[in-house]
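Below is a short report on a two-chain model. Please read it alongside the sequence and coordinates.

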Amino acid sequence: MARFAGGIHPAGCKQYSRGCAIGRMPPVREVWVPLSQHIGAPALPAVQAGERVLRGQLIGRAAEGLSANVFSPVAGTVQGIVTHISPAGKKKEHIHILNDFSDEHVALAPLCDRTRESVLGRIAEAGIVGMGGAGFPTAAKLNVRGRADILLVNAAECEPYITCDDRLLCEHAEQVLRGARLACIACGASRLLIGVEKNKPEAIAALAPLCAAGEEVKPLRTRYPQGAEKQLIYGCTGRVVPEGKLPADVGVLVVNVHTAYAIWAAVEQNEPCYERVMTISGGAVDRPANLWVKNGTRLREIAEFCGGHEECGRIVCGGPMMGEAVFSLKICTAKTTSALLFLSEKEADAQESSVCIGCGKCVQACPMGLSPVFIEEALLAKKYGEAKRFGAASCIGCGCCTYVCPAGRRLAQSVTLAKKIIRERGV
Amino acid sequence: MAEISAYNVSASPHVKGRSTTRRLMADVLIALAPCLVAGVLFYGLWSLLLVVLCMAACFACEQLCNLVRRKPFTFDLSALVTGLILGLNLPPRAPWYIPLIGGAFAIVLVKMLFGGLGKNFANPAGAARVFLLLAYSGVMTNWIGADVAGNMLAVDVSSSATYLGGGTAVFAPVFLGVRGYWGWVLQLLFGYTGGSIGETCALAVLAGFVYLTVRRVIDWRIPLSYLLSAAVMTLICYGDASEILLQLLSGGMLFGSVFMATDYATSPKWKYNRILYGVGLGVFTMLIRAFGSYPEGTSLAILIMNLLVPLLDKFILPVRFGQCTKRGRQKPQAMKWAMRALCLAMALALAVAAPVLAVLHPRADEYTPAYVRSFRQTEEGYRFDVAGTADIGGYKQPLGYIVTIGAEESRVVRAIVPVQQSTMGYVAELALFLNKNEREIRGLQDLSADVNTSATITNKALREMILECYTLLALNTAPYEYAPRYVKAREADGAVYTFSVEGAAYLALFDYTQPLAYTVILDMEEGKVQTIEPVTQSTKGYVAELSLFIGKTHAQVLNLSDLSTDSNTSATATNTVLREMVLECFYEAEYAEAGNG
């Protein structure tokens, strides 16, 4: 098993929600479904204000180029196409639907065959995107015309607290595996690997007996960021994705566990993608849970259902290492929202930044082999060429450098900024 | 949107490891505690005062700088760490102003003027030590023990100066019942030797190393690569395997490698650069020790390598994950494999060469002489002061000689001067041995100079003594330069020699160093101590018992076994020092009598 260099071993904190079977969030009265739940162009509204929609009905049609369909998670009446704040703090278009609690449902047309084209078409049709957090439209990713020989399911779930993928594997291993097989058909891969960190023995035990020939569960070292794409590929296959290249260039495609599950649902159950399992966890939550949550649900309603305390150290949408801090509970969930964390004062990082003592811990921790300390120094001196030389452009944003910094410097933020400037100015 | 302001927000990540600057510094302070405790136990409360003064000076200077620069006061403990490290680097008997000057130099000139914590160009404590060494050479090399005839710690420590000081440690000590080389190693491990307050006790330093490594405060690569390369360099420079342990355990190398070379701001950031840095430290330290004019090279080597660190950091970068060459191939991890190969090669070289050399050149100090009391190089050759007994039918006849072996290639016995022998005529036939070399003396078949068997016994004893001189000569390829330790002035009036001697006795009971000065008058016609007059001695009554020495011959003084004139140990300590002084006077006088003016 290849071990990537660097990385950290943060406290897992998965005990809060690991044992919680996946439940279901009770229906909510209103949803604001974002039209942009993916990388690429926002979907175009396919409904109008006042129109009645059913659960599973198309409400946002994929735009030209890279985009994805959006479906209604509830049956009800469209109140309008409104602007609403996104997790990043920008005003984005959402479709506001008032739930009538009838839960009337429409499914996709059954798929008669399982050819590459038909499966790819169904994945695109069902609006499936990378549900690990990136939100890359899956159909576009899988459409590599035989360049990939390995399909890798990312079940590492290396972020602390999050357990939704773990629970999904424990409870629906069969479905995830079948979804992954369908993804193999779509991309033409001959081998199927499932990378799981060793701290999820239940998931490994559930998957292993189901594997057929050419399929394998890869137990991985428990180390953050084991689930970062390049590190995962290296850990499972020993292949190194060159800088500036895609995993497909080394013959590997990576899909998330939940994406595989969504593919299964779309192909075999004719269900488009409009809900997902979320982990609600953290020290400031009364009832940690793993829940099916419909896209467009406001965080406030989840917080109320699970007993999350707003007056806590930090509310985070996604994992604690790479997720975004929540500034308002009005934000709505999307296909990519894997977790909602209420970190207590003790858990959340509140250290004051002090001067760099030059310990070099960030250099040892960086899984990409960058030198965050010198990148920050170069950034502050506005020497962007120097920052690039120290590797700023290759940052994956995992946050290991900030995590280990004894001086509490926000190195990941500096490197991200340097990367952005380098990209924008073409240094 | 009142709720917005109610939340804490920040860029990711939102959780953090527990390490903080202050925690790291506190860990270093904890790791230094064993060294401090050992230092204070060995050298007394004055050394504790020095360390405390140094820490206080560092802390005060840092806050003063903050005040001048109108910056907030800093309480990150880093000044205390600098102060503690520098304090432990001072000689145990340094005057009170040394830690103040050193602390101010370290903090103001090395640290704060360059921007404070994390910006210093060199390790502050290391740079300050080098500065003090240059500015106060005498004070900074006045290791305790140099004036104390081995009774400093009430253990059997026969070497009193530091090993690197090239002092008097000709013969291996006996320590914890272990004789010879391993006794010496044990002595260094426990720190029963001269040196800076904190650096002598290797076990305490190792405890600190283990603690810091387990707590992940320092990178173990720096000390280990440092010591590894120093070991290999010892083999290259000295060609002697047994020298390795002595070099690694002596002086400040161990302490410096753990606490000074690993200073964050002045050591490289990438782990493989750290190995290169450690190797460089080892190379420079041993080059300075072996070929430089300073016996100790650690802080100087650290200073040199500190200055090279920015270069390493800037030009040897980690290979990024997936980094490609211009041809689009994966970039090789050249530095990583080079450093691994280097370490492996050094370890292999050590593993192969050390045992081979150990067999080829057995350690000189494995040998504890039975007769030779002292050994020095003179213009005409090597002069040995030997003493022993001849068992003449149950009567143990004390014998003492000065044997001179020529320095030239042939190494023949040039002169034998009897110091003590039988007054009844059973004396050795010196002519048997004169102008013969070792092989000839070893091969002497007939020692019966006459019918008198007692003279034959004496001859045999003398032959053993001379052969031991040759053994010692062979083992000590580099004899120590002789310089009188106590004798400051000498006047000769015919055969009556008047010496002014100066020294000091360490009175362990009071942790006080008592300066001593005497005038010793020897009558070489009779070969006896004519009189001794105290010039400087204790005013509290802990004075030497002069009658112990007056009227005694060289051999009698040599063989004085009981120096405890009364129950007062302090007087005994003074007696012990006085005996060394008298012996030195005898050597000087005999040397002059032999025609060396």
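## Domains of chain A

In this predicted model, the centres of domain 1 and domain 2 of chain A, taken over C-alpha atoms, are separated by 29 Å. Domain 1 of chain A covers 116-268 and domain 2 covers 361-425; such bounds come from an automatic or database domain assignment. Five residues of domain 1 of chain A are in contact with five residues of domain 2 of chain A, where contact requires C-beta atoms, placed from the backbone, within 7 Å. On the domain 1 side, the residues are three nonpolar, one polar and one charged. In this classification Ala, Val, Leu, Ile, Met, Phe, Trp, Tyr, Cys and Pro are nonpolar, Asp, Glu, Lys and Arg are charged, and the others, Gly among them, are polar.

## Numbering and confidence

Residues are numbered from 1 along each chain as its sequence is written, while chains are lettered from A and ligands numbered from 1 in the order in which they are written. As the model is predicted, local features need pLDDT of at least 70 and side-chain atom pairs count only at pLDDT 80 or more, whereas totals for chains, interfaces and linings use all residues.

## Interface between the chains

Chain A places 55 residues in contact with 36 residues of chain B. On the chain A side, at least two residues each come from strand 15 (314-317), strand 16 (324-325), helix 8 (361-365), helix 11 (400-404) and helix 12 (411-425). Helices (H or I, at least four residues) and strands (E, at least two) are DSSP runs numbered from the N terminus. The chain A side comprises 32 nonpolar, 15 polar and eight charged residues.

## A sheet in chain A

Chain A has an open sheet of three strands in the order 3-5-6, with antiparallel pairing; strands pair if DSSP finds at least two bridges between them. Strand 3 (44-45) and strand 6 (70-71) of chain A are the edge strands, each pairing on one side only. Strand 3 and strand 5 (residues 58-61) of chain A pair over two bridges, and A:P45 has A:G60 as its bridge partner in strand 5.

## Chain B

Chain B is divided into domain 1 (369-475) and domain 2 (487-596). There, 11 residues of domain 1 of chain B are in contact with 10 residues of domain 2 of chain B.

B:Q537 lies in the loop between strand 10 (528-536) and helix 18 (554-558) of chain B. Leaving aside neighbours within four places in sequence, B:Q537 is in contact with B:L516, B:V543 and B:A544.

Notes
Contact = placed C-beta atoms within 7 Å.
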